[in-house]
Amino acid sequence: MTGTFHIKENSFWAKLAAKRMKSYKMAMVLGKTVHLYNTDHREFLTNKRWLRHELAHIRQFRQYGWFRFLFLYLVEFIRKGYYMNRFEVEAREAEQDPFLEDQYAFKPNDGQRERGA
Ligand SMILES: [Zn+2]
């Protein structure tokens, strides 16, 4: 196990990102938290490609540190846009990595715990 992550549903930041990306559903990572908008933790966790993509961003935050990663991401974004920036290329490649989701444990908040679990 490499780390843990949290999920924030109905996130203000994910809502802003959804508007900017003109996307209905949105997931975005800040630190160790996946921020969701118009989706919930069940749908997100069930979609392995989506989960691995966001876990790759969690790994990037950890690898570079909060401030440095946000700075580097912004520089890449300005130079190459969303799709071709190296952090998104890496995250898309990680979607095929079946071991990635085994390295991170989901830490649910009270509303996200399964009944009886
Ligand atoms: Zn991404």
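Predicted model: local features only at pLDDT ≥ 70, side-chain atom pairs only at ≥ 80, totals over all residues.
Reader: Which residues of H4 and H5 make the contact, and how many of them are charged?

Author: H4 contributes Tyr73, Glu76, Tyr82, Tyr83 and Met84. From H5 come Arg86, Phe87, Glu88 and Val89. By class, this contact has 6 nonpolar residues and no polar ones, while the charged residues number 3.

Reader: What pattern of helices and strands does the protein follow along the sequence?

Author: The protein holds 5 helices and 4 strands. Read along the sequence, their order is β-α-β-β-α-α-α-α-β.

Reader: Why is the protein described as being as compact as a globular protein of its length?

Author: The globule rule gives 13 Å for 117 residues. The protein is as compact as a globular protein of that length because its radius of gyration is close to that value, at 14 Å.

Reader: What box do the C-alpha atoms fill?

Author: The box is taken along the principal axes of the protein. Its dimensions are roughly 50 × 30 × 25 Å.

Reader: What percentage of the contacts with a separation of 6 or more is between residues 24 or more positions apart?

Author: The count considers contacts in the protein with a separation of 6 or more. Within that set, residues 24 or more positions apart account for 61%.

Definitions and conventions. Residues numbered from 1 in each chain as written. Helix = DSSP H or I, 4+ residues; strand = E, 2+ residues; numbered from the N terminus. Rg over C-alpha atoms; globule rule 2.2 N^0.38 Å. Contact = placed C-beta atoms within 7 Å. Nonpolar A, V, L, I, M, F, W, Y, C, P; charged D, E, K, R; others polar.
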